[in-house]
Amino acid sequence: MKEVSVVVCTYNRRKMFEECLESLLNQSYPKDKYEIIVVDSSDDYSESLAENYKEKARKKGIELKYIYQKPSGISAARNLGIRNAAGEIICFTDDDCIADRLWVEKLIEGFDNENVGGAGGKILIYNQEGLGRYLPSVDQYSLINDWSFISGANMAYRRDILEYIGGFDPLFKFGADDADIAIRVRLRGYTLKYSEGAVIYFRHRSNLRELIRQQYGYGIGFSRLGKKYPNLQIRKAIFLLLIKLIWNIATFPGCLMKKDKKQIMRRAINIILVSSYLIGVISGYVSVKYPEEKIIPCDFKFFKPLAENFLREKIKNKFRLK
């Protein structure tokens, strides 16, 4: 049975983190075969708080490494987790997530041969209230099989591969860090696998302002990805995002005519979030610089932009094209 390390990074979300940690302490995987590594950059961190969490884990028979790091971005925090990991496989989730009891067990099953470098599981929305009722879940199956990406909320990689490629890129402080690591793993010839039984419950941001800020940050991250990988064709992605936005705006009046509140809300929020992401991408494309010596020119035969898939599916469904 594989030795596993679970890394979760947290920043100023104490209540959410504690619920996340509770789910990680109650996994079906043998307690002596996995450890938990927490990298905490929160303002309220204290040694006594860390000791309380460690003691709670000890009572469960689980080793918990609790480390403070000055706020430096998600990539730097995950790299610190990797450096302190002892497991053959390193699983990652976020502090705004709750892991199903079988999460580790099912995620590890994805590494069924040496060619599998990384695996990701299903991501469902937790407690769909407020805006959460109108927001989609993350289609991890599509991300892995169409994008060759794995969402950071539910991903695992072999430790030796992560160490070999130098871990996460610390220049990606928020957004696209998970896409970047997946690209570099794929470029080494490894495959990524979808493990449907490995379920994580993800919480969307609680209000529209936070959602807009999040999507804008994701857009900035994607633009940095385009600077690092010139062949990623970021201009094409911007064009496809524009088409997606136009499609949402064009179909909005139809939702109003049907007086379908749920569809109206979904379409309106989608317009706002796609706009925020697009502004982030354009802003980042204009202002973000990436060190020339770290640029990686490569062929992206395994990459298909999500916007392109979205557009193709919508056209096919709308006009019943085969």
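Trainee: OK, so helices (H or I, at least four residues) and strands (E, at least two) are DSSP runs, numbered from the N terminus. Where does Asp96 lie, then?

Mentor: Asp96 is in the loop between β4 (89–94) and β5 (97–99). Bear in mind that this is a predicted model.

Trainee: Is Asp96 buried or exposed?

Mentor: Buried, because its relative accessibility is 3% and the cut-off for buried is under 20%.

Trainee: And what is Asp96 in contact with, leaving aside neighbours within four places in sequence?

Mentor: Arg13, Met16, Tyr201, Phe202, Arg203 and Arg205.

Trainee: New topic. How about Thr10, where does that one lie?

Mentor: Thr10 belongs to strand β1, which covers residues 4–10. Thr10 is buried too, since its relative accessible area is 3%.

Trainee: Which residues is Thr10 in contact with, again skipping those within four places in sequence?

Mentor: There's a run from Val38 through Val39, Asp40 and Ser41 to Ser42, and then Phe17 and Asp95 as well.

Trainee: I also had Ile108 marked. What's the place of that residue?

Mentor: Ile108 is in helix α4, residues 103–109. It counts as buried because its relative accessibility is 8%.

Trainee: What does Ile108 touch, not counting residues up to four places away?

Mentor: Lys2, Val4, Tyr29, Ile89 and Cys91. Take Cys91: Ile108 is 17 residues from Cys91 in sequence, and the two are 8.6 Å apart in space, C-alpha to C-alpha.

Trainee: Let's do helix packing. At what angle do α1 and α2 pack?

Mentor: About 20°, with the axes of α1 (residues 14–24) and α2 (residues 47–59) 12 Å apart. So α1 is roughly parallel to α2, as angles under 35 degrees count that way. The crossing of the two is right-handed.

Trainee: Which residues meet there, α1 against α2?

Mentor: From α1 you've got Arg14, Phe17, Glu18, Leu21 and Glu22, and from α2 there's Leu49, Tyr53 and Lys56. By class, that contact has four nonpolar and four charged residues, with no polar ones.

Trainee: Now α9 and α10. How do their axes cross?

Mentor: At roughly 160°, and the axes come within 9 Å; α9 is residues 234–258 and α10 is residues 261–287. That makes α9 roughly antiparallel to α10. The crossing is left-handed, and its contact residues divide into 19 nonpolar, five polar and three charged.

Trainee: And α8 with α10, how do those axes cross?

Mentor: At roughly 40°, with the axes of α8 (residues 208–228) and α10 coming within 7 Å. This one is a right-handed crossing. On the α8 side the contact includes Leu211, Gln215, Tyr218 and Phe222, and on the α10 side Ile272, Ser276, Gly280 and Tyr285 are among the residues taking part. The contact divides into 13 nonpolar residues, seven polar and one charged.

Trainee: Last one. What pLDDT does the chain average?

Mentor: The average is 88, and 92% of the residues score at least 70. Over residues 313–322, though, the pLDDT is below 50, and that stretch has four contacts in the model beyond near neighbours in sequence.

How values were computed
Residues are numbered from 1 along each chain as its sequence is written. This is a predicted model: local features need pLDDT of at least 70, side-chain atom pairs count only at pLDDT 80 or more; totals for chains, interfaces and linings use all residues. Side-chain values use heavy atoms; hydrogens and water are left out. Axes are lines fitted to C-alpha atoms, for helices over the stretch in contact, and angles run from 0 to 180 degrees between N-to-C directions. Angles under 35 degrees count as roughly parallel, over 145 as roughly antiparallel, 65 to 115 as roughly perpendicular and the rest as oblique. A crossing is left-handed if the near helix is turned anticlockwise from the far one by less than a right angle, and right-handed if clockwise. Ala, Val, Leu, Ile, Met, Phe, Trp, Tyr, Cys and Pro count as nonpolar, Asp, Glu, Lys and Arg as charged, and the others, Gly among them, as polar. Buried means under 20% relative accessible area, exposed over 50%, partly exposed in between (1.4 Å probe, protein chains only). Contact means heavy atoms within 4.5 Å. pLDDT is the predictor's confidence in each residue, from 0 to 100.
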